[in-house]
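Please look through this structure with the notes below at hand.

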Amino acid sequence: MKRRINKVLLIYPPTTVEKQYYVKLISLPLGIGYIAGLLKEDYDVKVLDATAEGYNSEFTIKENPKFFRFGLDYPQIKRRVEEFSPDFVGVSCLLSLQYPAVSRICKDIKEAGKDIIVAVGGTHPSFLAEDIMHKNKDIDFIVIGEGDYSIRDLLATINNGADFSKIGGLAYRNGGRVMINPRTEFIEDIDKLPFPARELFPLERYSTFFPFWALPTRQKTASMITSRGCPTRCIFCHSSIFWGEKCRLRSVGNVIAEMEHLIGKYGIQNFHFVDDNLTFSSERAKEIFREIIKRKLKISWDAPNGVAIWTLDEEMIDLMKESGCRQLTFGIESGSQDVLNNIIKKPLSLKQAERIIKYVKKKKLITCGFFIFGFPGETRKNIEETVAFVKKIGLDRHIFFSATPFFGTELYRLCKERGYIKEDFDDRYFEAVSPKFDTQHFTRKELQKIIWRLYEYSILKNLLKHPIIFLSIWGSIIRYKLISLFRSNANGKIVEV
């Protein structure tokens with residue numbers, strides 16, 4: 001294949017959500033932001049974030065009415081492709097929930113121009129590359145895992161007519177055969193990557209519609225990472241597989257330079273550090289916070305993906321507070337030490353967690369915790385221990401999930417081995433709240449009741465303790481639910497796609 005690639009379009013697809021929870025997340029997709037930043041010097045690059053641009057547009061999904069999709073509709077996306085007339089389109093697919101939409105978008109791209117080269121990337125296609133390449137002829141390439149240099153090398157290879165077999169982390173076809181080049185290397189020095197090309201995104205959207213898992217604010221907000229990867233091998237997470245088995249750190253100077261760039265160019269006042277493990281290197285994290293203080297950056301920040309409790313100490317928390325931290329989120333997952341040690345494989349001590357959380361609350365930071373229910377082997381006693389732990393430690397906010405066997409995780413392998421994944425297991429609608437399988441100790445309905453009751457407890461507690469935060473977070477969900485109900489009644493039904 002030899003073509004001249006000049007115009008590149010990167011698409012983040014619409015997002016699919018389960019109706020009963022109605023949580024609409026939005027955050028600048030840093031993955032394609034980094035890729036755009038790397039490519040823009042050599043190509044005419046445009047970005048289309050269909051979720052952000054169509055945030056208020058919602059569509060019931062005909063094949064599964066329990067879900068809805070929000071974002072630009074398919075004709076709008078196709079029209080944008082036709083208007084730009086790209087030579088190459090890269091489509092992000094972070095979640096299994098997004099794949100049906102991604103598949104349709106790829107089909108529409110080929111209809112818009114049969115010579116357009118289409119590539120997809122993200123966690124879902126990375127773990128199902130061979131299957132997708134066999135089934136979906138509208139996709140020419142799949143970028144497996146970390147995509148920055150692979151996309152760059154792919155475009156150069158297409159332009160030069162060279163050999164695709166030299167590109168690590170790439171799925172492609174050769175004479176009708178699907179070829180998979182394994183990813184053997186990761187970007188060791190991520191300081192060398194340009195900052196994400198934020199100027200190509202609708203930045204005002206990300207400050208208007210804040211992510212549910214972050215604290216609301218009227219300040220201009222930006223998400224950023226200070227590292228890639230996490231060496232902890234929790235069975236439900238595929239970060240260490242997707243990003244590699246070690247945490248690759250940006251230098252303190254590089255992190256602060258991006259923050260000052262965002263403050264100076266865009267007037268950013270609030271930051272979301274969305275690392276998988278922000279504080280993996282305790283000393284480097286402390287140095288980042290010290291530098292924020294030293295430079296008198298007037299900002300606020302939080303880490304909505306969670307911080308590892310076992311990396312924290314009192315000095316770290318003091319520095320976090322002084323540097324502008326408003327909320328600390330902890331991936332606790334279970335209140336049973338047995339489950340943490342022997343099922344989840346998470347290096348977390350509940351006694352240490354209690355001590356750290358107590359100190360965080362003393363510093364008057366908002367506390368939030370992630371908890372997961374329904375792991376294979378988890379007993380009723382284990383669940384009761386988690387419920388008791390939730391109520392004992394007195395967090396300000398809680399987010400409860402069911403154990404979800406995402407492709408590529410150890411949890412998926414276990415569920416397959418134990419026969420929990422049945423024939424009716426619909427992997428196209430993989431959200432993380434509703435229970436997906438029965439275990440020897442619980443049915444899905446029983447687990448669902450536990451999760452709902454804990455949410456009722458959390459919402460009531462949040463309303464009584466932090467009414468302003470409650471209204472900011474839950475009020476937006478209630479408001480959009482009422483808007484959807486009005487649309488449904490006015491139009492007979494929400495548009496089905």
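1. A salt bridge here is a side-chain nitrogen of Lys or Arg within 4 Å of a carboxyl oxygen of Asp or Glu. Side chains of opposite charge can pair when their charged atoms come close. Searching the whole structure gives 32 salt bridges.

2. Some ground rules. This is a predicted model, in which local features need pLDDT of at least 70 and side-chain atom pairs count only at pLDDT 80 or more, while totals for chains, interfaces and linings use all residues. Residues are numbered from 1 along each chain as its sequence is written, and side-chain values use heavy atoms, with hydrogens and water left out.

3. Start with Glu188 and Lys246. Their salt bridge has its closest N and O atoms 2.9 Å apart. Glu188 sits in the loop between β10 (177-181) and α8 (203-208), and Lys246 in the loop between α9 (239-242) and β13 (248-249), so the pair ties together parts 58 residues apart in sequence. Helices (H or I, at least four residues) and strands (E, at least two) are DSSP runs, numbered from the N terminus. Lys246 is partly exposed, at 45% relative accessibility. The classes are buried (under 20% relative accessible area), exposed (over 50%) and partly exposed in between, with a 1.4 Å probe and protein chains only.

4. Next, Glu333 and Lys346 form a salt bridge at 3.3 Å, N to O. Glu333 belongs to strand β16 (residues 325-333) and Lys346 to the loop between α13 (337-344) and α14, so this pair ties together parts 13 residues apart in sequence. Both Glu333 and Lys346 are buried.

5. Arg413 and Glu417 also form a salt bridge, with the closest N and O atoms 2.3 Å apart. They are four residues apart in helix α16 (residues 410-417), so about one helical turn separates them. Arg413 is partly exposed at 36% relative accessible area. Glu417 is exposed at 56%.

6. Which residues are linked in a network of salt bridges? They are Glu283, Lys286, Glu287, Arg290, Asp313 and Glu315.

7. Finally, the helix packing. The axes of α14 (residues 350-362) and α15 (residues 380-393) come within 11 Å and cross at roughly 25°. That makes α14 roughly parallel to α15 (angles under 35 degrees). Axes are lines fitted to C-alpha atoms, for helices over the stretch in contact, with angles from 0 to 180 degrees between N-to-C directions. In contact (heavy atoms within 4.5 Å), Leu350, Glu354, Ile357 and Lys361 of α14 meet Phe389, Lys392 and Ile393 of α15. These contact residues divide into four nonpolar, no polar and three charged.

Technical notes: Angles under 35 degrees count as roughly parallel, over 145 as roughly antiparallel, 65 to 115 as roughly perpendicular and the rest as oblique. Ala, Val, Leu, Ile, Met, Phe, Trp, Tyr, Cys and Pro count as nonpolar, Asp, Glu, Lys and Arg as charged, and the others, Gly among them, as polar.
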